[in-house]
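Let's take a walk through this model, ring by ring to begin with, and then along a helix and a loop. Have the structure open while you read.

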Amino acid sequence: MKILNSDELKIAETTLYTHLPKSIKVYGFVFAMNRGKPHHLEVLVDTWPAFTNIINDRAKDFMKKVTLYSTDEEVLRRMLTVENAIDWSTYFLIGGCDLRHSLMLKEIAASRGVSMKGFSLVHLMTLTEPSHLPDDKYPFVVSVLNESHADVVNKTWKFGGDDKGYRNILNLIRHFPTCCITDESNQPVSWVLLYDYCAMGMLYTQPEHRGKGYAKALVTTMAKRLHSQGYPVYCFIEECNQLSYKLFKSLGFTEYLSYRAAWYEFIC
C-alpha cells in the first residue's frame, strides 16, 4: 500500500480518466487536488504505478469521509482488513461507493463490531457534450455566490444548518465555481455549487421564486463553464429526487444504467 505524492497524483488522474464514469468521484477529488484546491486528503493505492484500488481518506472536522474506486474487490478487502487502509475505530462515511461493494463492506463492518447504515442511493448523471445545451440568454442575470451568501445556502442544505456545514459551504464558495441568481438586495434566490469532488450539487431555489426557469438556467450555465475549464461535468441525484432527475435528463445528462452509487455511514 502506498500514499501518492503530488507527481504521482497527476499520473493517477490520467489512469482514473480511463475508468470514467465509474471512477468519477475519486477522479473528481484528484482533479481538484492537482489544480491546487485546498484539501485534507491522503490518496492510497494498493500498488504503483499499476493500481487496482485507490482510496481517498479525508478527515474533516470530527467526521472522517472516505471515497474509493476498485477493479479488484479481493484486493480491496485486503486493504480494508489486513492493511488497515481505514481506521474502523472512529465514525466515518463512505460516499459515492459502487453498490456492488455493499455486501463486502457489511461483512467487514460486522467483523469489526461496527454498524453500517446505508442512507442514500443515487443516480450518476454525466454530460460529455455540452453543445446541445440551451442558449444561455435569460431575462435575468446569472452571477456567482460570494462569502456573504454562505449562511443562506447553509440554512437550506439538507446536510447543513450547523457551523460545520457553514464552513464547508464557505470553502466551496471560495475555491470552486458557483452560479446563482440574486434579488434586488443582492441576496441569492437560486443557486448551484460544486462539491470538492467536482460534482454539481446543492441546487436550490427559494419556494417563492420557483417556476421561473432558474434551476435550468443555473445548471446550463454551470455545465458550460465547467466544460470550458476542463472539469468533469456530473452530479449525483438521490433516487427519490425525481424533479432533479428529470431536469438533468432534459438537459442532456445521461445515466450510467449499470452503475449505482451509495453513501454509507459506519458507527463504531
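Phe92 has a relative accessible area of 0%, so it counts as buried, the cut-off being under 20%. Keep in mind that this is a predicted model. Trp88 comes out at 5% relative accessibility, which puts this residue among the buried ones too.

What do these two rings do with each other? The structure holds 18 aromatic pairs, and Trp88 with Phe92 is one of them: the planes sit at 80 degrees, over the 60 needed, so the pair is edge-to-face. Phe236 and Trp263 make another edge-to-face pair. Here are the two side by side:

| Pair | Centre to centre | Angle between planes | Kind |
|---|---|---|---|
| Trp88 and Phe92 | 5.3 Å | 80 degrees | edge-to-face |
| Phe236 and Trp263 | 5.3 Å | 80 degrees | edge-to-face |

Where do the partners of the second pair sit? Phe236 belongs to strand S10 (residues 234–238) and Trp263 to strand S12 (residues 261–267), so this pair ties together parts that are 27 residues apart in sequence. Both Phe236 and Trp263 are buried.

Arg35 lies over the face of Phe31, 3.6 Å from the ring centre. Arg210 does likewise with Tyr204, at 5.3 Å from the ring centre.

Now for helix H6, which covers residues 163–175.

Last stop: Glu129, in the loop between strand S6 (115–126) and helix H5 (150–156). Its relative accessible area is 39%, which lies between the 20% and 50% cut-offs, so Glu129 is partly exposed. The Glu129 side chain makes a polar contact with the side chain of Ser131, at 2.9 Å. How does Glu129 stand relative to Trp191? The two are 62 residues apart in sequence, and 23 Å separates them in space, C-alpha to C-alpha.

Key. Residues are numbered from 1 along each chain as its sequence is written. This is a predicted model: local features need pLDDT of at least 70, side-chain atom pairs count only at pLDDT 80 or more; totals for chains, interfaces and linings use all residues. Side-chain values use heavy atoms; hydrogens and water are left out. Helices (H or I, at least four residues) and strands (E, at least two) are DSSP runs, numbered from the N terminus. The expected span of a helix is 1.5 Å times one less than its number of residues. Rings of Phe, Tyr and Trp (its six-membered ring) pair if their centres lie within 6.5 Å; planes under 30 degrees apart count as stacked, over 60 as edge-to-face and the rest as tilted. Buried means under 20% relative accessible area, exposed over 50%, partly exposed in between (1.4 Å probe, protein chains only). A charge sits over a ring if NZ of Lys or CZ of Arg is within 6 Å of the ring centre and within 35 degrees of the ring normal. A polar contact is a pair of N or O atoms within 3.5 Å; within protein, one must be able to donate a hydrogen and the other to accept it, and residues adjacent in sequence count only if both atoms are side-chain atoms.
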